[in-house]
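Let's take a friendly look at how two parts of one chain meet. Keep the model open beside you as you read.

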Amino acid sequence: MELFTQLLTAAVASGTPLLFVTLGGIFIEKAGIIQLGAEGLMLMGAVTAAGVYLATSSLPVTLLAVLLVGGLLGLLHAFLTVTLRANQIVSGLALTLFGGGLSAYLGKAITGIPLSGAVPKFDFGVLGQVDLFTLSSLALVVVLQIAFFHTSFGLHLKAVGDNPATADVMGIRVQGMRYFAVIAGSMLMGLGGANLLMVFSPTWIEGMTTGRGWIAIALVIFARWNPLGALAACWFFGFLDTLGFRLQLAGSTVPPYFLKMLPYLLTIAVLILVGWRTQHRMSRAPQALGIPYIREQRF
Amino acid sequence: MDGLPAVEFHNLVKQFGTVLASDHVNLSLAKGEIHALLGENGAGKSTVMCMLSGVYRPTSGEIRMNGTAVKIHSPKDAAKLGIGMVFQNFRLVQTLTAAENVVLGDSSPFWRTRRWMERKTREIEALALRVGLPFAAGRPVARLSVGEQQRVEIVKCLYRGNSVLILDEPTSVLTPAEADQLFATLRKLKSEGKTIILTTHKLKEVMAVADRISVMRKGQMLATLDRAQTSEREIARLMVGQDRSPPKTRVPREPGEPLLIMDKVTVVSDRGRHALDEVSLTLNTGEIVGIAGVAGNGQKELAEVLAGLHVWKSGTITFREFRWKGPSVRGSIKQGIAHVPEDRMISGLAGGLGSVDNLLVKSYHSDERANLGFLRTALNRLWSQGLVEQFDVRTAHLDAPVKQMSGGNQQKLLFAREIHQRPHLLIAVHPSQGLDVGATDAVHNLLLGLRAEGRSVLLISEDLDELLLLADRIVVLFAGRVMGEMTHERADREQLGMMMAGVT
Ligand SMILES: Nc1ncnc2c1ncn2[C@@H]1O[C@H](COP(=O)(O)OP(=O)(O)OP(=O)(O)O)[C@@H](O)[C@H]1O
Ligand SMILES: [Mg+2]
């Protein structure tokens, strides 16, 4: 029992940064834009958090800085893809490469300096200690779930991502919605990186996200663009991640490389399973995903 | 009709690349009138309408409302001025329900409980019923037939209570009865002082409903006429610039052997109910069989099953004495079945590709078109050029994306691809939908030409005139069942109408 709760806590801790990024990805894709810059945004979020916290020791200032950096990079992506109609894949990849390089450069001076006790934890009795990030990620899931499916905003966002030409003639500001979604979603992606650094492994190391941004992009599909689905998917992935790590600690004879592979392999297995069961159903993917909107163009 | 015109166009110009779609157009719409805008496919009707609804921004010129110049830079601006439009290519979000599409764009209330949505759904269904264009408002639009989608598109515009209504071919997929209902609603709106501008290719409708008629050709406004002082003939002549050549006549002809035999075929639709219920149907060679019925009564599924696109649950299908085991698109094509689907820009043509590629998609693997898997590019261009000329498809050049062609020319291109291979059976679904008189005649002549060659046509249409003109036999579908059948000689419009409504 003891082991089980430990495992669960660790799973949530590992899954929460992914949850922020996945929710951000869902938000952006719902508006019809692909954001492959998640990895770069996470790294930029993490290095900003490390640098600003070490300098100011203030959590609010740190979080504001992270949101600002994520938002600015989101604005750049939105400007490139929505206004200039650049290729969304290329813009996203560029953002990942740029974020990786810049964060490595900015983080040189603070590499290896640990941050401790940066994030307050709340005691929830039997549930144990829950940190601020985990708590807010749960709140975020609820807020987004309601916003997406029970508000006029959610309906408009879906229309923009599925059929921008229709949304446009119904008086919805397509480009404005897309800007908003890309900026807000990118902020969440940066926040995911900050969470990883401040809670999960509190020392800045170059490339510390080790592909989590990419996993989150896969989880967006796995979660079928649904915030509650994202919660389940991210915690499940976190669980697999932890399991591999624990088995390794327990002195399993399985080679460690294989254990590290485990979560990714299982993800593929689950994707196959889910895909198999839903292959005859209509895809939930936003129908205009990746297609820029030009009002006067015939379609 | 006194006072200032509700809407005025002053030297409105719209240029798309090298195409002058609207060439110094002047037009004025009075308050409380129904104004018909007519012209061939590609004349520029939609372009002019889209400038009023804020979708296209004029290259130059001015729009005035009640005497003052207005700036319409976006559909939102137009909505603020009380202008609403029914689009020729429906503007509907397929993944949302019909009711959600209708309320789209309203930001209040922000919170939407299930109860609120249910109430709205009922409200919209009541409105739809009141104007005589009912549909299931709680259903996703993707699950509605084209006819039903047209109704949603119209109701969506009425729901907003606009004072200027633009209707771009609102009746092309409605049944005559539904069209009459719509016109009754429009007359009522007119008496309330609303301004209505509409296009249609059916001159009968124009004569029945319009107060004034404006005719366009090649981007230019030719004339505005009073309905009372003109005739169908005069309008048609203005539109095409010459007298209409009479269509080929249908010569009586004995049908040949059975070509297609469907025996008690049952099809379960995507919605899970029986779209076709034990339908038995025989088609002979050299025969045009018409399928009449209100949209959503199984026509779509019938066409899809025969084209190899849909499974059937029970019953047998025999084509040229070969019994089918299951659906196969390749198989249907190989056996000589051609298909002109109802949604030509979705499953008929690839909008972004040019004419050559679109003509190739069904034959690219044949030895004539490809050599060891490599396309014979030069040869295929020549072949496409030939087809484009033979079928009189008007396009800027062979590689221009087909989505930029006018509706009539798209349809001719689709026909070119489907019939050049001399199919045994052509399934034509709403073949003249949205086509001008000239293009409609061309399509009818193509169908009669196939029949004269001893080939068969399954003509699915909601246009009774078309069926009465072309079909040797008319079969009526209602709720997935065959309600009855009439030969060309015995066909009676009224009785057909009754059967279409499910009355025997
Ligand atoms: N968005 C666009 N981009 C490029 N060309 C266009 C566009 N819209 C229209 N055109 C061109 O402008 C001309 C007029 O088109 P329009 O759609 O207004 O004709 P229409 O009279 O509505 O014809 P139809 O009866 O087929 O609907 C055509 O040559 C068309 O190819
Ligand atoms: Mg048009």
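In chain B, 20 residues of domain 1 are in contact with 14 residues of domain 2, contact being heavy atoms within 4.5 Å. This is a predicted model, in which local features need pLDDT of at least 70, side-chain atom pairs count only at pLDDT 80 or more, and totals for chains, interfaces and linings use all residues. Residues are numbered from 1 along each chain as its sequence is written, chains are lettered from A and ligands numbered from 1 in the order in which they are written, and side-chain values use heavy atoms, with hydrogens and water left out.

## The layout of chain B

Chain B is split into domain 1 (7–240), domain 2 (245–336 + 423–504) and domain 3 (351–421); these bounds come from an automatic or database domain assignment. The C-alpha centres of domains 1 and 2 of chain B are 31 Å apart.

Between domain 1 and domain 2 of chain B, about 1400 Å² is buried, with carbon and sulfur atoms giving 55% of that area. Buried area here is the accessible area (1.4 Å probe) that two parts lose on being put together, summed over both.

## A salt bridge across the interface

How many salt bridges does the rule find across the interface of domain 1 and domain 2 of chain B? The rule finds 1, counting a side-chain nitrogen of Lys or Arg within 4 Å of a carboxyl oxygen of Asp or Glu. The side chains of B:Lys204 and B:Asp465 form a salt bridge, at 3.9 Å from N to O.
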